[in-house]
Amino acid sequence: VTTNGAVLGEPVKMDKNSRRGNWGNQIEFILTSVGYAVGLGNVWRFPYLCYRNGGGAFMFPYFIMLVFCGIPLFFLELSFGQFASQGCLGVWRISPMFKGVGYGMMVVSTYIGIYYNVVICIAFYYFFSSMTNLLPWTYCNNPWNTASCNGVVTPKGINSTLANATRSLVTGAAQAAVEVVNKTKRTSPSEEYWKHYVLNISDDIGNFGDVRLPILGCLAVSWVVVFLCLIRGVKSSGKVVYFTATFPYVVLTILFIRGITLEGAVTGIKYYLTPQWHKILDAKVWGDAASQIFYSLGCAWGGLITMASYNKFHNNCYRDSIIISITNCATSVYAGFVIFSILGFMAHHLNVDVSEVADHGPGLAFVAYPEALTLLPISPLWSLLFFFMLILLGLGTQFCLLETLVTAIVDEIGTDWIMKNKTVVTGGVAVVGFLLGVPLTTQAGIYWLLLMDNYAASFSLVIISCIMCICIMYVYGHKKYFKDVEMMLGFPPPIFFRVCWRFVSPIIISFILIFTVIQYKPITYNDYVYPGWSLAIGFAMALSSVICIPIYALYKIAKSEGNTFLERLKKSCRPDIKWGPALSEDRIGRYAAPGSEADVEVRPLKEELKEKEEEKRDEISLSIQGSNGSTAHNTTPSA
């Protein structure tokens, strides 16, 4: 037993799994998982979906999908990773043929990790740009502005003079027509700042142009921050999340209090919440609700399995899954109040409908909201707070994405050297991630970012999640898995979750997949239509994660022992000899005997006692420790 220099008699806080490490405490795991699940999508996607799909009426299918799909899948992935104490590759000892699912998760996490950090770096850019007395996107008198720029706050100068001169040349119907055209073609200073200055966007996805050096610098900053926070794995990231997972709520609350005190805020919130009950019967609303729950919780990315693998074996992950899932969805609803109070104020100021200023994705974060911020007193302060919140929300997710990849690599290689030098692997993955993100900092970068966002992690996640459910429930066997969970938690999974895992959740996942295919529309960015070759690349990215599954399955079948294809198939589906709890003291029941496979039933007590006696004799005579005994061995070293 190591003393760690502790005073004799004092309890020493040690990792149960000394080789891989554990979370410092359970709060760290919950905060990290909340930070992972609560991301940028909670701020820019949920409020948009809510107002597009019937306002308050959307909440009904949203919470139905949370209960029947979100929480059960979340619990399944947490229990899966915690039981085996392995990352998204190691857990597939449960059925080696399906290890391709783990590789698929790694591919998805790689894609998301690359473009997600680019979004964070743009938030960094706006954060640094807000450190000024006047936000640079306030007025239309900058070198990058065009003639069609029409600011909410217009300075007296050449732009207003020209506008007045033009207006005096037209009368009657002609004047009305020009005003209509001007209103429809209005581009805000924040939009022009985003397009012409920050991105300096090119005219085509194939026209990369130059690398935007300020964005490249911010990308380097964001990768360095992520690396430093993960330099000691979950030991360091577990401490950082005390700030990164909680401070966004402080900022949201500050922005909420400021937002509801603005004129027109009530109109925006009413628009956000007013139920349009007729939309409940629309399948699209249910599809959107299911998709949002599925994607926002981070299912099938591999991150949940990875985070749970650092839990102690008997941790109550059932309780954790409910807390984290509900926190995630409550954050989405809360963020909606913040966003729509500001958008309501903006609509009131511009004298237009809320729907005309509402947007989602980068359009909300980097165009609509920054424009609204210019209308507030002390606007740089609110801008700093808003973009700081975006940075923290993004980092919480990015930590887990990088840790997923690093853990999978380290667990797969599994040597003592790589376990001790995990920091080197983290640094290597960060450098590769930075280099792969460089093309996204070019003038065509935004086109590629949206392409990856729409294709790299869309229907592939749904397929991966569906196959994971089928493998655990039907290939490995639901009865065995329920016993595993009972052995770990001390109680079997509630009957509701057993029904959801076996029937309800796979049906909902299949519904999401069908909905995604039926509702598919080729991606566009504003007026830009993506060319066919770029869409082909998008589909290739989506398929690259899914194709891992059949390729690895065929490889595993080919390498398995057996004379016929059926024998090799059965062998490759059977749990690996190493499947089960990682620590010998946790391997009880059918996992107790050395060399037993996961599908072997518990043997008679006499046989088990006989084996234990033999192990004890061997230990005394040969001075070696028995393996995987169900009782605790004497760990006092021999003289």
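1. Rings of Phe, Tyr and Trp (its six-membered ring) count as a pair if their centres lie within 6.5 Å. By this rule the predicted model comes to 65 aromatic pairs. In one of them, Tyr193 and Tyr197, the ring centres are 5.3 Å apart and the planes meet at 25°; planes under 30 degrees apart count as stacked, so this pair is stacked. Tyr193 and Tyr197 are 4 residues apart in helix 8, and are therefore separated by about one helical turn. Tyr193 is buried, at 1% relative accessibility, whereas Tyr197 is partly exposed, at 33%.

2. The rings of Phe243 and Phe388 make another of these pairs, with centres 6.1 Å apart and planes at 50°, so the pair is tilted. This pair links distant parts of the chain: Phe243 belongs to helix 10 (residues 234-244) and Phe388 to helix 18 (residues 379-413), 145 residues apart. Phe243 is partly exposed, with a relative accessibility of 39%. Phe388 is partly exposed as well, with a relative accessible area of 23%.

3. Which residues do ring pairs link into a cluster? The members are Tyr125, Tyr126, Trp137, Trp144, Tyr193, Trp194, Tyr197, Phe366, Tyr369, Phe386 and Phe387. Tyr193 and Tyr197, the stacked pair of point 1, are thus among the members of the cluster. Tyr126 and Phe366, also in the cluster, return in the next point as members of the largest nonpolar core.

4. The largest nonpolar core has 190 residues, of which Phe80, Tyr126, Phe366, Tyr481 and Tyr530 touch the most other members. Helix 5 (residues 99-129) gives the most to this core, with 19 residues.

5. What does Tyr481 touch, leaving out residues up to four places away in sequence? Its contacts are Leu76, Ser79, Phe80, Ile94, Ile472, Met473, Tyr476 and Trp501. One of these, Phe80, is listed beside Tyr481 among the core residues that touch the most other members. Another contact, Tyr476, has the charged end of Lys480 over its ring, 5.0 Å from the ring centre. A further placement of this kind involves Arg498, whose charged end sits over the ring of Phe482 at 5.9 Å from the centre.

6. Ser222 lies in helix 9 (residues 213-229) and is buried, at 0% relative accessibility. Apart from neighbours within four places in sequence, Ser222 is in contact with Asn117, Ile120, Cys121 and Phe124.

7. The whole structure holds 10 salt bridges. One of them joins the side chains of Asp416 and Arg19, at 3.0 Å from N to O. Asp416 lies in helix 19 (residues 416-420) and Arg19 in the segment before helix 1 (26-37), so this pair ties together parts that are 397 residues apart in sequence. Both partners are partly exposed: Asp416 has a relative accessible area of 49%, and Arg19 has a relative accessibility of 43%.

8. Asp288 forms a salt bridge with Arg52, and the closest N and O atoms are 2.7 Å apart. Here too distant parts of the chain are linked, since Asp288 is in helix 13 (residues 283-296) and Arg52 in helix 3 (residues 46-52), 236 residues apart.

9. Lys195 and Glu191 meet in a salt bridge with an N to O distance of 3.6 Å. The two are 4 residues apart in helix 8 (residues 189-199), and are therefore separated by about one helical turn. Lys195 is partly exposed at 21% relative accessibility; Glu191 is partly exposed, with a relative accessible area of 22%.

Terms used:
Residues are numbered from 1 along each chain as its sequence is written. This is a predicted model: local features need pLDDT of at least 70, side-chain atom pairs count only at pLDDT 80 or more; totals for chains, interfaces and linings use all residues. Side-chain values use heavy atoms; hydrogens and water are left out. A nonpolar core is a set of buried Ala, Val, Leu, Ile, Met, Phe, Trp, Tyr and Cys residues joined through side-chain atoms within 4.5 Å. Buried means under 20% relative accessible area, exposed over 50%, partly exposed in between (1.4 Å probe, protein chains only). Contact means heavy atoms within 4.5 Å. A salt bridge is a side-chain nitrogen of Lys or Arg within 4 Å of a carboxyl oxygen of Asp or Glu. Rings of Phe, Tyr and Trp (its six-membered ring) pair if their centres lie within 6.5 Å; planes under 30 degrees apart count as stacked, over 60 as edge-to-face and the rest as tilted. A charge sits over a ring if NZ of Lys or CZ of Arg is within 6 Å of the ring centre and within 35 degrees of the ring normal.
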